[in-house]
Every structure is written in structure tokens, then in C-alpha cells.
Amino acid sequence: MTVQGVEFLPESRRDWQDTPAERRRHAVTEANLTRHLDGPQRVLDAAGGTGRDAVRLALRGHDVTVLDPAGATLTTAMACADDHGVADRVHVVQAMAEDAPELFGPHDFDVVLCHNLLQFADDRVGLLRALTAPLREGGLLSVVGPASGALFVCSAGDVLDDLRTAGAEVLAHYGVDVQSGHPLSYFQIIARNV
């Protein structure tokens, strides 16, 4: 299914119960990220939960590791990956995002997703440093967060500053309008690990 040029996942018996606005947000942020990718990548999806982003990227040929502390959501992620025929390209690790430096080597990933996580961090710069530790030099970091209309909101300007402090080079900053008149708006920032 495609809406305004944005492709949605094929349906499966374990599809997520997203609203149309949530589906659009995921599709738009994926499209923004794929503009910066060249060929199959090794991706770490920090706090990737049920694997929504992981399965979408695995369907495009990427090898994705979902890192999340909740075992039940990781079980759902693997079941959904299996339903979509990409279980061989989706892997799960049960741990906190802050544990990434201890779990992975310094060049294990080409891309790290930090989607809807940063706004909950007490130390955003520390979390960004932890997530870039297993990212190869020149690798990409995609950060998505709510810009308005949510209980926990990150200022995109603050996140841009945090990324620079963590040693990343900002490549692109997108506003993600999920739906006209919808109370939530999001930002997405793509940065390079330097």
C-alpha cells in the first residue's frame, strides 16, 4: 500500500495496531533514512521494541539487530520478522541502549536508529555516545523524537547541539508531519559518526 509516495509494510497476522498517522510517520522516517543509504547495511535499532522499523529495513535487504530491554516485545519482533520472511536478517538482543558499548564492537554497525528514545534519557549526550560507540566511522545515526504534542518532548535544536557535542556531524534535519491537523509532530535528524 502506498500513500503520497510512501510505501507501507505488507500485512501479516502480527501487524501492529498503529493508527494511520503512526504508519505514515514510520514510512516517512524510513524514506528519509533510505535517501542516505547505499546498499545493504548493518543496522542497530536501539529500543526497537516490536521490530516495526527493523522488519521494514530487513525487507529492503538490511541486516538489523533490535536492542531492547523488554523480552516480550523482542519475541513479537522475531515473530513479525518470521511472518514477513526476514527472520534471517533480524536479530534481537535484550539489553538497555546504554549497554551498546559493552555488547558490540567499535565498528559492528553502519547505521544506528535512535527513534523515540532520546526524549526519555536523563543524559542525552551520554546515550548518543553509547549508541555511536558500535557505529563505524562515517556510519549514520537516525534520531527521531516528538517535537510537540507529547508528554515527553525534545527540542530538535537541543538534539542538534547534543549530536555535535557527542561528536556527530549533522547531515539532514527533517520535520515529520504525520497528518494534517494531527496534534503530534516529529523531527528526524540524520548524522554521521566522525
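Modeller: What follows is a set of questions about the terms used for this predicted model, each answered from a value and its cut-off.

Colleague: What makes up the secondary structure of the protein chain?

Modeller: The protein chain has six helices and nine strands. Of its 194 residues, 49% are buried, and its accessible surface comes to about 8,800 Å², with 49% of that surface belonging to carbon and sulfur atoms. Among contacts with a separation of 6 or more, 70% are between residues 24 or more positions apart.

Colleague: Why are helix 1 and helix 2 called oblique to each other?

Modeller: The axes of helix 1, residues 20-34, and helix 2, residues 52-59, cross at roughly 50° and come within 11 Å. Angles under 35 degrees count as roughly parallel and those from 65 to 115 as roughly perpendicular, while the rest, unless over 145, are oblique. Helix 1 and helix 2 are therefore oblique, and helix 1 passes helix 2 in a right-handed crossing.

Colleague: Which residues make the contact of helix 1 with helix 2?

Modeller: Helix 1 contributes His 26, Ala 27, Glu 30 and Leu 33, and helix 2 contributes Arg 52, Asp 53, Arg 56 and Leu 57. Sorted by class, the contact of helix 1 with helix 2 has three nonpolar, one polar and four charged residues.

Colleague: Why is helix 2 described as largely enclosed by the rest of the structure?

Modeller: A residue is buried when its relative accessible area is under 20%. Seven of the eight residues of helix 2 are buried, so helix 2 is largely enclosed by the rest of the structure. The buried residues of helix 2 are Arg 52, Asp 53, Ala 54, Val 55, Arg 56, Leu 57 and Ala 58. After helix 2 comes Gly 61, which has a positive phi near 100°.

Colleague: What makes helix 5 oblique to helix 6?

Modeller: The axes of helix 5, residues 124-132, and helix 6, residues 156-165, come within 9 Å and cross at roughly 50°. That angle makes helix 5 oblique to helix 6, and the crossing of helix 5 past helix 6 is right-handed. On the side of helix 5 the contact is made by Arg 124, Val 125, Leu 128 and Arg 129, and on the side of helix 6 by Asp 158, Asp 162, Leu 163 and Thr 165. By class, the contact of helix 5 with helix 6 has three nonpolar, one polar and four charged residues.

Colleague: How do you know whether Ser 142 is buried or exposed?

Modeller: Ser 142, which is found in strand 7, residues 135-148, has 0% relative accessibility and therefore counts as buried, the cut-off being under 20%. Leaving aside neighbours within four places in sequence, Ser 142 is in contact with Leu 33, Val 112, Leu 113, Cys 114, His 115, Gln 188, Ile 189 and Ile 190.

Colleague: And what makes Thr 65 count as buried?

Modeller: Thr 65 lies in strand 4, residues 63-68, and its relative accessible area is 9%; buried means under 20%, so Thr 65 is buried. Not counting residues up to four places away in sequence, Thr 65 touches Val 43, Leu 44, Asp 45, His 91, Val 93, Phe 104 and Phe 109.

Colleague: Why is Ala 47 called partly exposed?

Modeller: Partly exposed is the class between buried, under 20%, and exposed, over 50%. Ala 47 has a relative accessible area of 30%, so Ala 47 is partly exposed. Ala 47 is placed in the loop between strand 3 and helix 2, and has a positive phi of about 55° although it is not a glycine.

Colleague: Where is Asn 116 found, and what makes it partly exposed?

Modeller: Asn 116 is found in the loop between strand 6 and helix 5. Its relative accessible area is 23%, so Asn 116 is partly exposed. Asn 116 also has a positive phi, near 60°, in a residue other than glycine.

Colleague: How do you know which class Gly 105 belongs to, and which residues does Gly 105 touch?

Modeller: Gly 105, in the loop between helix 4 and strand 6, is at 21% relative accessibility and so counts as partly exposed, since buried means under 20%. Not counting residues up to four places away in sequence, Gly 105 touches Ala 133 and Pro 134. The C-alpha atoms of Gly 105 and Pro 134 are separated by 5.4 Å, although the two are 29 residues apart along the chain.

Technical notes:
Residues are numbered from 1 along each chain as its sequence is written. This is a predicted model: local features need pLDDT of at least 70, side-chain atom pairs count only at pLDDT 80 or more; totals for chains, interfaces and linings use all residues. Side-chain values use heavy atoms; hydrogens and water are left out. Axes are lines fitted to C-alpha atoms, for helices over the stretch in contact, and angles run from 0 to 180 degrees between N-to-C directions. Helices (H or I, at least four residues) and strands (E, at least two) are DSSP runs, numbered from the N terminus. A crossing is left-handed if the near helix is turned anticlockwise from the far one by less than a right angle, and right-handed if clockwise. Contact means heavy atoms within 4.5 Å. Ala, Val, Leu, Ile, Met, Phe, Trp, Tyr, Cys and Pro count as nonpolar, Asp, Glu, Lys and Arg as charged, and the others, Gly among them, as polar. Buried means under 20% relative accessible area, exposed over 50%, partly exposed in between (1.4 Å probe, protein chains only). Accessible areas come from the Shrake-Rupley method with a 1.4 Å probe; for residues, only the protein chains shown count as cover.
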